[in-house]
Amino acid sequence: MIETLKRKKRIIVISIAIIILFIFLIIFYKIFSKNNYKISEIGNNMSSKDIKEIEEYILNISSYEATIEATVESNKNTNKYILLQKYIAPNMSKQTVLEPSNLEGIEITYDGQNLKVSNSKLNISKIYENYEYIVDNVLCLESFISDYKTCKETNNTNLYEQDNNYVFETNILNSNKYREKKKLYINKNTGKPTKLLVQDINEKTLVYILYNEIKLNGLNKNDILAFKMSKPYALAI
């Protein structure tokens, strides 16, 4: 009799454990399915946007971190750079040279008043206080966005589809015949920049920027430095 009761108790305990496990599996499946749906929805979000929504998204980028490969042509030679760029709207930026080796470690930061140029390899730095003039450099994505917004007010921009990209075209403010127009290519599916071209008056590409990696809207102030900037600054070319 006692043995029978013990057997029944074991069966009840096992049955309860199986029921609890079954309930847990159901709850886990629902949570996983819900999260997986959200991930899929986010991943496909850009591909469902039209060209005007992508334009609005790009023009309102709050921050970015990018590794770029920049090829710059002049009358005499062609120079290539690999740069790490960080930017937080409206006015924080940092740029570090990764290649070529003779410039590796150079970092440029501007806070609207002070310009800091440092070299981590040589452990040296120079601060230029109350530095008022900043070169408007074509290597910066934020520089393109600024030009595009300004030219858009006078209907002096163009936006169209080409292959798997949206192409943003704008003139360069205060340009000369050697730097007349910019073209930014945005991947239709991801909504991320793929390349940026700077062309002369004859539409010859003088600066070609390839975005090897870029993360949008994911930085905070600690990723750069708590500097306030009035205009972006980048490596002069």
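Predicted model: local features only at pLDDT ≥ 70, side-chain atom pairs only at ≥ 80, totals over all residues.
Asn187 itself belongs to strand β9, which covers residues 179-187.

Is Asn187 buried or exposed? Its relative accessibility is 16%, and because buried means under 20%, Asn187 counts as buried. Beyond residues up to four places away in sequence, Asn187 touches Asn164, Asn165, Lys192 and Thr194.

## The chain as a whole

Let's step back for a moment. The chain has three helices and eleven strands. Reading from the N terminus, the order of elements is α-α-β-β-β-β-β-β-α-β-β-β-β-β.

Of the 237 residues in the chain, 35% are buried. If you take the contacts between residues at least 6 apart in sequence, 46% of them join residues at least 24 apart.

## Helix α2 and its two sides

Helix α2 spans residues 51-59. At its start, Asp50 places a side-chain oxygen within 3.1 Å of the backbone nitrogen of Lys52.

Which residues of α2 are buried? They are Ile54, Glu55, Ile58 and Leu59. Viewed down the axis of α2, these buried residues fall within an arc of 125 degrees, so they line one face of the helix.

## Where α2 meets α3

Two packed helices are described by the angle between their axes and the distance between the axes. For α2 and α3 (residues 141-152), the angle is about 125 degrees and the axes are 10 Å apart. The two helices are therefore oblique to each other.

Which residues make the contact? From α2 come Lys52, Glu55, Ile58 and Leu59, and they meet Ile145, Tyr148, Lys149 and Lys152 of α3. By type, the residues of this contact divide into four nonpolar and four charged, with no polar ones.

## Glu169, a buried charged residue in β8

Glu169 is found in strand β8, residues 165-176. With a relative accessible area of 11%, Glu169 is buried. Its side chain joins that of Tyr160 in a polar contact of 2.7 Å.

What else is in contact with Glu169, leaving aside its neighbours within four places in sequence? Besides Tyr160, the contacts are Tyr148, Thr157, Asn158, Lys181, Lys182 and Lys183. Tyr148 is a residue of α3 that also takes part in the contact with α2. As for Asn158, its C-alpha atom is 4.9 Å from that of Glu169, although the two are eleven residues apart in sequence.

## Asn119 in β5

Strand β5 covers residues 115-119 and contains Asn119. This residue is buried, with a relative accessible area of 12%. Leaving aside neighbours within four places in sequence, Asn119 is in contact with Glu104, Gly105, Ile106 and Ile124.

## Backbone features worth a look

Two cis peptide bonds deserve a visit. One runs from Ala89 to Pro90, with omega near 5 degrees, and Pro90 lies in the loop between β2 (78-88) and β3 (92-99). The other runs from Glu99 to Pro100, with omega near 10 degrees; Pro100 lies in the loop between β3 and β4 (106-110).

Asp163 has a phi of about 55 degrees and is found in the loop between β7 (157-162) and β8. Asp163 is exposed, with a relative accessible area of 71%. Asn217 has a phi of about 60 degrees and sits in the segment after β11 (205-216). Asn217 is partly exposed, with a relative accessible area of 34%.

Technical notes:
Residues numbered from 1 in each chain as written. Heavy atoms only, no water. Axes fitted to C-alpha atoms, helices over the stretch in contact; angles between N-to-C directions. Helix = DSSP H or I, 4+ residues; strand = E, 2+ residues; numbered from the N terminus. Parallel < 35°, antiparallel > 145°, perpendicular 65-115°, else oblique. Contact = heavy atoms within 4.5 Å. Nonpolar A, V, L, I, M, F, W, Y, C, P; charged D, E, K, R; others polar. Buried < 20%, exposed > 50% of the residue type's maximum accessible area, 1.4 Å probe, protein only. Arc of directions from axis to C-beta. Polar contact = N/O pair within 3.5 Å; in protein donor to acceptor, adjacent residues only side chain to side chain.
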